[in-house]
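Dear colleague,

Please find below the sequence and the structure that I am handing over to you. My findings follow directly after them.

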Amino acid sequence: MAETTHGWEQTDLLGLGLPSAPAVTVSVEVEASGLGPEETATDQPSPHEMDAYEEEPPLDEAPSNRRNQVPVSLPGFARPLARSSPRLLERLLILDTETTALQPQQGECIEVGAVLFHVPGRAVLTQVSFLLPCNTNGAEAINGIPAAVSQLEQPWQEALNCFLAMVTVADGILAHNAAFDRQWFGHGALPALDKPWICSMEDICWPAERHLRPNPSVRDLALAYGVPVWAAHRALTDCTYLVQVLQRCDGLEDLLLAAQEPRRLYRAQLAYSQRHHAKAAGFRWNDPVPGAWSKRLSEREVTTLPFPVNPVLSA
């Protein structure tokens, strides 16, 4: 997800001979998640890696009452979900999307890539990638997919059925910046996916010896694990990077179990002069809570913070 590509490549579809999958239950849980940060200061914002931070006010304009803004009204953000104890997800569906805009209200999903990954065996079971026909692509400069190419004859319906069959047998779904990818399911040809979701950007606490910044990009994650980065901004390519990271990850099962802990949104309670502590801990400024540093955390993660936080109460 580092460099912008301007060419187009069609990934071979695997498993298209499978029979049509049974209908997938169409229900979805809405969780509070933000978008991921940019990879470098010079990268163009993309649907997957848009820097959701807004500029902080100058020091002399720092408001004095930000720490007292609890509770706040956040329409559209759900209360913490009651979940049973985490269990190991043996078959993980790693997916990625390419889209024509940042939100379903503004555009469409133009590409889906997915890999069914067996966690105990560190093995790829099935993979598929397909384009969805679109009339325009406002993000062509980012993902390199011309709308005209998406309209060429191809068996995308059969590929979608293969994808849904993979969803059916998967124990859970993993995506990088899952909040972005998840929002496209339940719109157009893509049904909502009633499976547990894990965000490899926010929910997994990657080992400190990898020297990753909070909320790392796919590119940074791949490089930290010695995975060569040879292309970016195509759905199946990004899935392949994540697969190779998981294959090289010691203690993967423990990381996935911790990533499934229930989370809720918290606001950092820090003096303005101490805001760098929130940033270092992966909190985001102004997203999704206006005028605050916030992050989704489990109760266990809250106890490890070196500064106080307050839960953000939804309306």
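In the hairpin of strand 2 and strand 3, there are 4 residues between the strands, and Arg-122 takes a positive phi near 50 degrees there. Please note that this is a predicted model. Strand 2 and strand 3 run antiparallel and are joined by 8 bridges.

Helix 3 (residues 156–169) has 14 residues and spans 20 Å from its first C-alpha to its last, close to the 20 Å expected at 1.5 Å a residue. Among its buried residues are Trp-156, Leu-160, Phe-163 and Met-166. The buried residues of helix 3 pack against strand 1 (91–99), strand 2 and strand 3.

A second topic is the set of salt bridges, of which the structure holds 12. In general, side chains of opposite charge can pair when their charged atoms come close. Which residues are linked in a network of salt bridges? The network consists of Glu-202, Asp-203, Arg-263, Arg-284, Asp-287, Arg-296 and Glu-301.

Arg-296 forms a salt bridge with Glu-202, with 3.6 Å between the closest N and O atoms. Arg-296 lies in strand 8 (residues 293–297) and Glu-202 in the loop between strand 5 (197–199) and helix 5 (218–224), so the pair ties together parts that are 94 residues apart in sequence. Are these two residues buried or exposed? Both Arg-296 and Glu-202 are buried.

The other pair is Glu-301 and Arg-263, whose side chains meet in a salt bridge at 2.9 Å, N to O. Since Glu-301 lies in helix 9 (residues 299–303) and Arg-263 in the loop between helix 7 and strand 6 (264–268), this pair ties together parts that are 38 residues apart in sequence. Glu-301 has a relative accessible area of 13% and is therefore buried. For Arg-263 the relative accessible area is 9%, so Arg-263 is buried too.

Strand 8, which holds Arg-296, also belongs to a sheet. In this open sheet, 4 strands follow the order 7-8-6-9 with antiparallel pairing. Strand 7 (284–285) and strand 9 (309–311) are the edge strands, each pairing on one side only. Strand 6 and strand 8 run antiparallel and are joined by 4 bridges. Arg-264 has Leu-297 of strand 8 as its bridge partner.

Finally, I draw your attention to the second largest pocket, which holds about 510 Å³ of space. Its lining comprises 24 residues, and the closest to its centre are Cys-205, Trp-206, Pro-214, Ala-281 and Lys-295. Strand 8 and helix 9 are the elements that give two or more residues to this lining.

With kind regards

Notes
Residues numbered from 1 in each chain as written. Predicted model: local features only at pLDDT ≥ 70, side-chain atom pairs only at ≥ 80, totals over all residues. Heavy atoms only, no water. Salt bridge = Lys/Arg side-chain N within 4 Å of Asp/Glu carboxyl O. Buried < 20%, exposed > 50% of the residue type's maximum accessible area, 1.4 Å probe, protein only. Pairing = 2+ DSSP bridges. Expected span 1.5 Å × (residues − 1). Contact = heavy atoms within 4.5 Å. 1 Å grid on protein atoms, 1.4 Å probe; cavity = no way out; pocket = protein on both sides within 12 Å on 5 of 7 lines; lining within 4 Å. Points joined across faces, edges and corners; volume = space filled by probe spheres on them.
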